[in-house]
Amino acid sequence: MAAAGGESSTTNVSDELFQNFYTEVKQIEKRDSVLTNKQQIDRLLRPGSSYFNLNPFEVLQIDPEATDDQLKKRFRALSILVHPDKNQDEQVRSQKAFEAVDKAYKLLLEPDQRKRALDVIHAGQEYVEHHVKEKKKQLKKDGKSLDMEEDNPEVFKQAVYKQTMKLFAELEIKRKEREAKDMHERKRAREEEIEVADKAKRDREWQKNFEETRDGRVDSWRTFQAKGKKSKEKKPRSFLKPPKVKMEQRE
């Protein structure tokens with residue numbers, strides 16, 4: 001019974017931490033939503049943004065459970081804020097920031113893509129919750145205090161954030177690997193097509209040249225044969241006449 005009670009207690013703590021996490025996330029979203037143009041651009045282009053911006057909800061600073069209307073309103077507000085037309089003094093950076101916002105919005109408009117993003121976020125949360133749960137079990141088994149850093153909502157939130165970012169990064173790396181592999185296969189297939197086409201072209205040219213020069217080769221062969229026949233024709237024999245024998249004169 002004691003074990004069951006401990007399990008229930010751990011679950012309640014996890015639920016409470018989970019709720020605290022979302023409460024703080026919403027507070028951060030509210031705070032960041034009023035960032036200035038430059039601050040938003042800096043946020044979207046900060047070091048490591050290529051990984052931070054893999055999470056479309058992070059880019060748009062919106063709750064993963066937000067409705068479509070909330071998503072559209074947030075996109076309009078943020079896109080206007082970072083749009084190059086509103087930031088004439090740094091158009092290059094603002095253009096990149098705008099593209100990040102636009103990409104995240106379009107991704108979340110696709111039901112399948114949005115579901116995948118939500119699955120990653122949920123997986124990150126579940127991983128941290130499982131880690132906390134297992135660690136508390138071990139602490140209890142060892143007779144140690146069940147106090148953990150993750151009991152602090154801020155630490156728990158950071159752990160979920162890091163794990164989620166890690167999962168998004170891993171998926172992106174795998175996607176790039178698949179893309180590179182597909183590109184290599186396409187390139188190889190294309191090279192084979194070119195090789196086959198070149199061989200076919202060479203064969204056609206050889207056949208064409210063969211046909212065009214056939215008459216000439218036939219004429220040359222006939223001429224050769226004719227010369228051979230002439231050289232083989234019998235010439236009249238010329239017999240050598242024996243020298244005249246002089247009669248010996250006797251005295």
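Tyr-161 is partly exposed, with a relative accessible area of 28%; buried means under 20%, exposed over 50% and partly exposed in between (1.4 Å probe, protein chains only). Phe-52, at 18%, counts as buried. The model is predicted, so local features need pLDDT of at least 70 and side-chain atom pairs count only at pLDDT 80 or more, while totals for chains, interfaces and linings use all residues. Residues are numbered from 1 along each chain as its sequence is written, and side-chain values use heavy atoms, with hydrogens and water left out.

**Aromatic pairs**

- Two aromatic pairs are found in the whole structure; rings of Phe, Tyr and Trp (its six-membered ring) pair if their centres lie within 6.5 Å, and planes under 30 degrees apart count as stacked, over 60 as edge-to-face and the rest as tilted.
- Phe-52 and Tyr-161 are stacked because their ring centres are 6.3 Å apart and their planes stand at 25°.
- This pair joins helix H3, which holds Phe-52, to helix H8, which holds Tyr-161, across 109 residues; helices (H or I, at least four residues) are DSSP runs numbered from the N terminus.
- Phe-75 and Tyr-105 are also stacked, with ring centres 3.9 Å apart and planes at 5°.
- Phe-75 lies in helix H5 and Tyr-105 in helix H6, 30 residues apart.
- Both Phe-75 and Tyr-105 are buried.

**Nonpolar cores**

- The largest nonpolar core has 24 residues, of which Phe-57, Leu-60, Val-82 and Val-101 touch the most other members; such a core is a set of buried Ala, Val, Leu, Ile, Met, Phe, Trp, Tyr and Cys residues joined through side-chain atoms within 4.5 Å.
- At least two residues of this core come from each of helix H2 (37-44), H4, helix H5 (68-82), H6, H7 and H8, and H6 gives the most, with six.
- A second, separate core of six residues includes Val-132, Leu-139, Met-148 and Phe-156.
- Beyond its neighbours within four places in sequence, Phe-57 is in contact with residues including Ile-62, Pro-64, Leu-108, Arg-114 and Ile-121; contact means heavy atoms within 4.5 Å.

**Largest pocket**

- The largest pocket holds about 690 Å³ of space. On a 1 Å grid over the protein atoms alone, a pocket is an open set of points where a 1.4 Å probe fits, with protein on both sides within 12 Å along at least five of seven lines.
- Its lining has 24 residues, and Leu-54, Lys-103, Leu-107, Glu-172 and Arg-175 are the closest to the centre; lining residues have an atom within 4 Å of a point.
- H8 supplies the largest share of the lining, seven residues.

Key. Points joined across faces, edges and corners; volume = space filled by probe spheres on them.
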